[in-house]
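Open your viewer and get your selection tool ready. We will go from stop to stop, with a note on what to select at each one.

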Amino acid sequence: MQKKRPRYALVLGLALTLGLAAAASVGCGDEKKSSSNGGGTDLQSIADERGLSPDDMRHALQQYVAPGKKDDYVMFASGGHAGQVLAIGLPSMRILKEIGVFTPEPWQGYGYGADWGDTILKEGNPPGTTLTWGDTHHPAISETGGEYDGRYLYIQDRANGRVAFIDLRDFRTKQIVPVPNIQTSHGGMFVTPNSDYVHVSSKFPEPWPSGSYADLKDYKEKFRGASSWLKIDQATGRLNLDESFQIELPPYSQDLADAGKKVSDGWGFIGSFNTEMATGGNSEGGESMEAGASQNNFDYLHAINWKKAEELVKAGKATKVNGINQLSMATAAAEGVLYLIPEPKSPHGIDVDPSGRYLVVGGKLDPNVTIYDFNKVKIAAENKDFEGTDAFGVPIIKFDSVVAAQVELGAGPLHTQFDSQGHGYTSMFLESAVAKFTLGDDVVKTGEAPFTLIEKIPVNYNIGHLAITEGDTISPDDKYLVALNKWSIDRFLTVGPLHPQNFQLIDLKGGKGTMELIADMPIPNAEPHYTQIIKADKLKALDVYPPGTDVLTMKASANAIVAGGEKVERNGNTVEIWMSAQRSHFTPDVIRVKEGDRVVLHITNVEQTKDATHGFAIADYNIQSSLDPGEVSNFDFIADKPGSFNLYCTEFCSALHLEMAGWLLVEPAASAIASP
Ligand code: RUQ
Ligand code: CUA
């Protein structure tokens with residue numbers, strides 16, 4: 001709710017505090033006087049000329065990060081079906097980096113001949129498939145004690161059931177794991193509070209064992225979902241399948257998920273829909289998926305005791321299937337690992353509050369958020385307070401025994417984030433709004449009534465997720481909320497029928513005041529489904545790599561050289577070159593091979609100056625790499641195309657950047673020379 005009353009005095013006060021006094025004082029003396037024909041330099045003239053209201057001016061000051069100053073937060077946003085991750089500064093909403101993940105990305109030399117990207121992309125291919133894209137949805141920052149620790153970032157591929165690991169020392173992808181027995185995954189991504197595991201669950205069930213064929217008439221018998229717990233190696237951040245495990249789930253559509261924390265630490269929660277087990281077939285005499293999957297009044301929230309599951313796996317109760325330890329549904333149900341809790345009709349988000357006690361489920365087709373009390377879930381599980389089992393023998397906890405409250409918010413509640421004051425903030429997709437409400441009075445610190453809708457703010461438009469600064473931790477910062485809107489419609493200049501997505505920055509006023517929309521940000525990428533926002537000072541990214549670093553392992557490369565150590569060796573048909581890159585030349589800058597030779601090329605950027613990145617590209621060979629200071633890039637290719645090819649540095653590194661070039665001379669095989 002923005003007030004229309006001019007608040008010029010306040011704005012000026014703020015401006016002065018923020019050091020804009022100089023700009024203001026060059027005005028014509030009377031600060032309130034506006035210049036009628038533009039060109040004025042006092043604040044009011046500028047505002048008048050640009051058509052800014054006092055509120056606009058205040059918002060500009062709230063968001064402004066002056067040249068040379070830095071942002072307070074970094075938001076990691078998924079890049080949707082473009083397959084990357086974006087790093088965005090807050091509050092400025094300036095894009096800092098696009099990180100290639102599932103899709104090759106030439107600027108970073110990811111997937112264009114250098115071994116770093118090629119190795120990761122290749123290892124990330126499921127057996128028998130070459131994938132050149134992914135659909136990034138849910139980023140998850142590593143945590144220590146329930147707080148983001150700024151070390152690692154994980155993100156899943158919605159389309160192909162894979163998980164990628166990004167090292168936040170260099171903001172580069174280091175691993176893609178095709179998760180066995182999972183074909184697609186949606187929102188089932190989270191990191192446990194001490195980064196023991198990354199969780200990912202399947203979206204649509206597939207025939208088990210994975211990769212086999214089954215007809216849809218055998219859906220109930222043959223198709224299965226999975227909850228996967230991928231072990232994080234603490235020292236490297238890499239995922240280790242040998243120490244990971246999976247829990248077989250009924251063939252429902254497991255949807256969003258969240259980790260338990262504090263009182264619910266050791267548990268994970270996954271929402272689901274399509275407990276009807278509809279399979280589509282609208283042109284085969286059946287009904288479409290959407291109708292079939294919306295029949296039941298309740299679907300099931302899955303509550304998983306992962307610490308218990310881990311014990312069972314260690315006790316040998318799992319079977320290895322396609323390279324991962326699997327606990328059967330029967331074992332999980334019998335041993336107190338897996339419980340179902342009814343959740344109203346086609347639910348969407350499931351989000352655990354910072355205290356770990358409240359589990360908030362969005363209604364999608366229901367105007368309420370349903371809030372469960374984990375303390376009650378625990379008691380119900382212990383007392384076997386069940387209403388029966390589902391068709392697969394999994395116990396169903398009684399709804400009334402575990403619900404804390406249902407709060408009516410309006411049309412289409414999806415996802416919820418929390419502040420530290422005991423509020424939940426839910427995205428309202430159908431209503432294009434964010435609704436703020438209170439949780440139980442044990443966590444509400446503002447004196448407001450528990451389980452009550454407090455206020456709503458409109459957003460533009462069709463909000464999906466929302467993210468609060470440090471929002472998935474045990475202590476959110478009540479600073480900003482970002483609305484991730486799926487449509488922008490009329491908010492930006494039209495750039496053709498494919499409109500940008502729209503992020504909107506909302507000031508939370510410390511969780512105590514009225515939410516206020518500060519800024520819009522068009523996203524020129526695919527739909528950024530979810531983001532997490534970390535305090536910038538928690539990130540400890542490198543400025544340069546230590547000399548001779550292999551970025552895949554983050555260790556010293558065996559092929560690193562120092563300036564002067566360049567050499568060329570020929571062994572039969574293999575030519576191996578150790579090259580250096582330094583402003584403004586490659587050494588050697590001419591590579592002589594014969595058609596058909598294997599070329600093994602190691603390039604060390606021997607510089608240690610911040611930002612002294614060189615690129616390396618060879619014409620017509622589809623080779624492009626980024627060599628950041630200290631980095632070693634390795635190439636291994638067959639010189640199968642004869643000719644004289646220019647090679648050059650693709651980064652404007654110095655005054656003589658254009659001279660940083662050379663040649664790959666591929667002498668034609670004898671037969672080719674002989675031809676007229
Ligand atoms: S969920 S389409 Cu993250 Cu609302 Cu995805
Ligand atoms: Cu090195 Cu341009």
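Predicted model: local features only at pLDDT ≥ 70, side-chain atom pairs only at ≥ 80, totals over all residues.

## Stop one: around Glu455

Select Glu455 and show what it touches: leaving aside residues up to four places away in sequence, its contacts (heavy atoms within 4.5 Å) are Val434, Ala435, Lys436, Gly513, Thr514 and Met515. Glu455 sits in strand β28, residues 453–458; helices (H or I, at least four residues) and strands (E, at least two) are DSSP runs, numbered from the N terminus. Glu455 counts as buried because its relative accessibility is 9%, where buried means under 20% relative accessible area, exposed over 50%, and partly exposed in between, with a 1.4 Å probe and protein chains only.

Residues are numbered from 1 along each chain as its sequence is written, chains are lettered from A and ligands numbered from 1 in the order in which they are written, and side-chain values use heavy atoms, without hydrogens and water.

## Stop two: colour by confidence

Colour by pLDDT, the predictor's confidence in each residue, from 0 to 100. The protein averages 93, and 93% of the residues score at least 70. Then select residues 1–36, where the pLDDT is below 50; this stretch still has 51 contacts in the model beyond near neighbours in sequence.

## Stop three: a four-stranded sheet

Next, pick out the open antiparallel sheet with strand order β29-β30-β31-β32; strands pair if DSSP finds at least two bridges between them. Its edge strands, β29 (463–468) and β32 (516–523), each pair on one side only. Look at β31 (residues 501–507), which is joined to β32 by seven bridges in the antiparallel sense. Which residue of β32 is the bridge partner of Gln504? Select Asp520 to see it.

## Stop four: the largest nonpolar core

Finish at the largest nonpolar core, with 29 residues; Trp229, Phe245, Ile247, Ile304, Val337 and Leu338 have the most contacts inside it. Such a core is a set of buried Ala, Val, Leu, Ile, Met, Phe, Trp, Tyr and Cys residues joined through side-chain atoms within 4.5 Å. Helix α8 (306–314) is one of the elements giving two or more residues to this core, and α8 gives the most, with four. Centre on Phe245: among the residues it touches are Tyr197, Trp229, Trp306 and Val313.
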